[in-house]
There are 2 protein chains.
Amino acid sequence: MELENLAEPTPIRRARADQARLVADVLRHQIHAGGYPDGLPPEATLAADFFVSRNTVREALTTLKDEGIIERGTKVGTHVAIRKYDHGLDALVGLKETFKGYGDIRNEVRAAMTVAAPPSVASRLQLPAGERVVFVERLRYLGDLPLSLDMTYLARDIGEAVLEHSLETNDIFALIERVIGGPLGSASLAVEAVPADAHSAAILAVPDGAATLLLERLTHLDGGRPVDLEYIRMRGDRITLRGNLLRGST
Amino acid sequence: MELENLAEPTPIRRARADQARLVADVLRHQIHAGGYPDGLPPEATLAADFFVSRNTVREALTTLKDEGIIERGTKVGTHVAIRKYDHGLDALVGLKETFKGYGDIRNEVRAAMTVAAPPSVASRLQLPAGERVVFVERLRYLGDLPLSLDMTYLARDIGEAVLEHSLETNDIFALIERVIGGPLGSASLAVEAVPADAHSAAILAVPDGAATLLLERLTHLDGGRPVDLEYIRMRGDRITLRGNLLRGST
């Protein structure tokens with residue numbers, strides 16, 4: 001890499017590991033953006049594109065291979081092994097709505113019952129502790145691909161009405177809106193990267209400790225009443241969250 | 001857990017591993033919301049709160065301990081080991097602005113130089129491939145805590161002007177706005193959970209493969225010109241992204 005330094009008195013020549021990480025970052029995003037449908041270019045081409053050595057390219061490709069994003073064969077070249085799907089961060093939409101262009105979302109309902117709400121769940125839903133709420137756990141597939149494991153607590157009146165409909169083929173958002181006869185209001189969202197515990201890993205078919213996106217989402221009716229508290233574990237290798245930010249006053 | 005089933009003909013008694021994961025999820029969010037500053041309640045209290053057995057509580061606490069979130073001692077009880085910080089998803093703000101209530105953000109500048117833009121970077125910044133851009137890599141600390149590793153590509157005119165200011169103590173957003181004499185426009189954001197590669201893990205002081213949040217953020221000037229492309233790796237155990245969603249038309 002040809003360097004020209006501006007801020008420091010002496011030029012910095014970057015370590016190969018730094019350069020390889022950078023190449024891996026850029027390639028990862030290109031792959032996820034749908035680049036390289038016919039496979040990645042040869043190492044020599046990538047080296048020239050990124051102004052780095054072939055060893056650096058090889059190191060970057062090893063990182064992506066370890067993440068399961070690409071597959072490499074001596075004869076067949078480098079292929080994209082996994083497709084990653086975008087999930088919007090700008091609006092409140094369910095998985096089925098989100099992926100309607102990509103394929104069918106199918107839900108395996110692992111639990112659907114009433115439970116006594118633990119204090120913190122009750123508090124988020126503005127209910128007395130111990131009040132019964134409806135609990136639903138779903139493993140959600142896009143076609144045959146497990147994408148996310150969703151645990152949902154619903155206020156009992158809403159939840160019992162939702163359970164009269166098919167959870168296998170509908171988003172819970174859509175069912176709530178059918179039940180209340182109008183649109184939902186806003187949701188507050190928290191996003192974390194957490195390692196998959198052994199049990200979630202087995203259900204999502206990823207290795208123990210794999211990076212997952214954990215979303216906590218509390219959705220309110222239009223009038224402000226919180227009715228739907230969800231803990232959603234998304235496979236980190238399958239889903240990218242995308243949104244837009246506006247510069248506000250600081 | 002007392003169960004009452006609505007959707008299925010026979011009641012579902014949930015496996016302990018499912019219940020433990022649920023308890024861990026709820027506790028994790030309470031801890032991150034600043035709950036339990038004086039340590040967690042005893043196992044028996046948690047078992048009563050969550051309507052589960054003490055063995056289930058123990059299993060949940062083991063998960064949180066493995067994640068490094070709590071520490072347990074036979075004499076001293078269960079303490080919160082790590083504090084997690086919120087980063088907004090609603091507006092475009094830098095780390096220093098975000099954390100101004102919590103402590104000082106300090107940046108270790110690991111690289112600051114011009115590089116020839118790889119094709120995909122050039123394309124995001126709407127420049128010809130190979131055009132020189134300014135590249136900055138910073139390890140960002142809140143006090144003594146490494147929070148994130150940020151790699152930034154800046155359009156050369158903006159970047160060279162930014163490098164005339166102190167990168168150690170300022171957000172790049174603030175410097176760009178100083179340089180252009182006005183506010184930035186909007187940014188597009190992608191959020192992923194990725195395992196830390198060996199090199200990033202060493203820099204961020206986390207184990208190899210630890211879950212990290214990877215943000216790709218492309219920021220535009222008010223007129224729409226893209227000038228700032230960043231790849232930000234945040235420690236998954238330190239940062240929660242928070243925002244609000246509105247229900248739009250589907």
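**Briefing on the two-chain model**

A:Thr63 is found in helix H3 (residues 54-66) of chain A; helices (H or I, at least four residues) and strands (E, at least two) are DSSP runs, numbered from the N terminus. The model is predicted: local features need pLDDT of at least 70, side-chain atom pairs count only at pLDDT 80 or more, and totals for chains, interfaces and linings use all residues. Residues are numbered from 1 along each chain as its sequence is written, chains are lettered from A and ligands numbered from 1 in the order in which they are written, and side-chain values use heavy atoms, with hydrogens and water left out.

**Surroundings of A:Thr63**

- Leaving aside residues up to four places away in sequence, A:Thr63 touches A:Ala24 and B:Asp197, where contact means heavy atoms within 4.5 Å.
- The C-alpha atoms of A:Thr63 and A:Ala116 are separated by 45 Å, and these residues are 53 residues apart along the chain.

**Extent of the interface**

- In the contact between the chains, 95 residues of chain A meet 94 residues of chain B.
- The area buried between chain A and chain B is about 7,800 Å², with carbon and sulfur atoms giving 57%; buried area is the accessible area (1.4 Å probe) that two parts lose on being put together, summed over both.
- On the side of chain A, the residues that lose the most area to chain B are A:Arg21, A:Leu245 and A:Arg247, together 12% of what that side buries.

**Salt bridges**

- Over all chains, the count comes to 34 salt bridges, each being a side-chain nitrogen of Lys or Arg within 4 Å of a carboxyl oxygen of Asp or Glu.
- Within chain A, the side chains of A:Glu43 and A:Arg72 form a salt bridge at 2.8 Å, N to O.
- This pair links distant parts of the chain, 29 residues apart: A:Glu43 lies in helix H2 (residues 43-50) and A:Arg72 in strand S2 (residues 70-73).
- Between chain A and chain B there are four salt bridges.
- A:Arg21 forms a salt bridge with B:Glu137, and the closest N and O atoms are 3.1 Å apart.
- Strand S8 (residues 184-195) of chain A gives the most to the side of chain A that touches chain B, with 12 residues.

**Strand pairing across the chains**

- Strand S11 (residues 239-246) of chain A pairs with strand S8 (residues 184-195) of chain B in the antiparallel sense over six bridges; two strands pair if DSSP finds at least two bridges between them.
- A:Leu241 stands opposite B:Val191 in S8(B).

- The same surface serves both copies, as 99% of the contact residues of chain A recur in chain B.
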